[in-house]
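Colleague: Can you walk me through this one? I'd like to start with the strands.

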Amino acid sequence: MGKKQKTFRPKARLPRGFKDRLGAELVAEREMLSRISAVYERWGFDPLETPAFEYTDALGKFLPDVDRPNAGVFSVQDDDDQWMSLRYDLTAPLARFVAENYDGLPKPFRRYQAGPVWRNEKPGPGRFRQFTQCDADTVGAPGAEADAEICALFADVIEAAGIDRGDYLVRVSDRRVLDGVLEVNGVSAADQKLAVLRSLDKLDRLGADGVRALLGEGRKDESGDYTEGAKLNEDQIASVLSIFQLPGADGDSRPSEADWLDAWRKAIKGSEVGEQGLASLETLFATLRAMGFADDRICLDGAVVRGLEYYTGSVFEADLLLETIDEKGRPVQIGSVGGGGRYDGLVARFKGTAIPAVGVSIGVSRLIAAQSLKKTGDAVDAMGPVVVLALEPGRMGEYQKMAAELRAAGMRAEVYLGGSSMRAQMKYADKRAAPVAVIEGEDERVKGEITIKDLVRGAALSQEIEDNKEWREAQPAQFAVKRDALVDAVKTTLARHQSGE
């Protein structure tokens, strides 16, 4: 008798760097995107949606992780032998869209877009290969005034997301200043300039010593991986770092705009491209101040570089300044919640002529994390639905009617459909984070009543009542109402918890 062939069963597992998301996280993201989109639309930006895949040559490969497969993007070959890649941001697809539809678009063209992007990066704690971005861009406006508008929009979005003024800072610089410094120091090779750029973009993560090593021969990280350096000499390294770290740049007393501009004028003396960057920054900040955005919201900071290669002028990013603690009492710093800049050469890849463009990309998950942790230090859990228990199988229609009445009144509600005991149904309600359980058994039905069990209050009281007998006799956090008072009773209970009582 032949040996029975073993049935293949794939192992249920996630690819590295990806995660499943459920319930409260998705609701929070939807609400955050709604807030951000509302600000974008008030500023006159229209929505756009582009597909997840683009032809690889249309996307270009501008990511900093060039040592990763496909230079940091996920790519597949179609049946017509053409290579396609998952978009790594929302800006490169915008450039393709503008080039393809240029003649029919209003110019300047103002659009916003939200959606997932994918990067073939080395995953780590809190660093995923798929995440959501929400962008706004202006294409066709060459002046620094357009850059100022995007920076101002950025600040408004952060506040609309629930971050208080004073708890964030939008920091602005210009790539041309760095280009000027490199020109003055004799760094002209494109690959060497790019290595410098990518090294400086890691200043926050690696600190001055780590970046100094990357600007020189190279650096070995804690895992033993070695990154080749930019091969600058000591004088070049000192000159480059000097424009990113003015005295006071890391303290509470930040260098002023005048401090940065004075230091940069000396460092770029004789460089035309550097002078262009300084002139643009002066116009940008004059516009911001005229708009009423002071340096407590948007400031000049030479440490801003941004990792994407395609930026050609202003660059900016927003950092959250508030410190919080997580659910285990550990200190948490959210850091950057997004950024952007000017990229006048991206559409030109298709058109052959420079098309000015500037935009911002918001890190939605970072803003959600900040919103849930700020002030209290506790994560905010979304309320689950009201659960109507199904204690008598023959009454399922009536239970569904109760849930329908609650939904018609604007509340989330569902009927338990698992066919289990009351105890199992209550466990289900707890797992669903239900704030209320609605109970109608035989006793309630005979009296024409409904029992409302306040699960939020019950959980709180359970921490105070230690004696099981006292708990059973008191039956805290539950009360009976007439059947026709169901909706009002549940609504009142939910309102009490939503107000924080």
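Colleague: What stands opposite Lys453?

Modeller: Gln478 in β18 does. The model is predicted, so local features need pLDDT of at least 70 and side-chain atom pairs 80 or more, while totals for chains, interfaces and linings use all residues. Residues are numbered from 1 along each chain as its sequence is written, and side-chain values use heavy atoms, without hydrogens and water.

Colleague: How many bridges join β17 to β18?

Modeller: Five, and the two strands run antiparallel. Strands (E, at least two residues) and helices (H or I, at least four) are DSSP runs numbered from the N terminus. Two strands pair if DSSP finds at least two bridges between them.

Colleague: What is the strand order in that sheet?

Modeller: β15-β14-β16-β17-β18, an open sheet with mixed pairing. β15 (413-415) and β18 (478-482) are the edge strands, each pairing on one side only.

Colleague: Which helix lies across β17?

Modeller: α18, residues 486-498, at about 10° to β17. Angles run from 0 to 180 degrees between N-to-C directions, with axes fitted to C-alpha atoms, for helices over the stretch in contact. Contact means heavy atoms within 4.5 Å.

Colleague: New topic. At what angle do α4 and α10 pack?

Modeller: About 50°, with the axes 8 Å apart. That makes α4 oblique to α10, because under 35 degrees is roughly parallel, over 145 roughly antiparallel, 65 to 115 roughly perpendicular and the rest oblique.

Colleague: Which α4 residues meet α10?

Modeller: Among them are Ala144, Asp147 and Cys151, and the α10 side includes Ser280 and Leu284.
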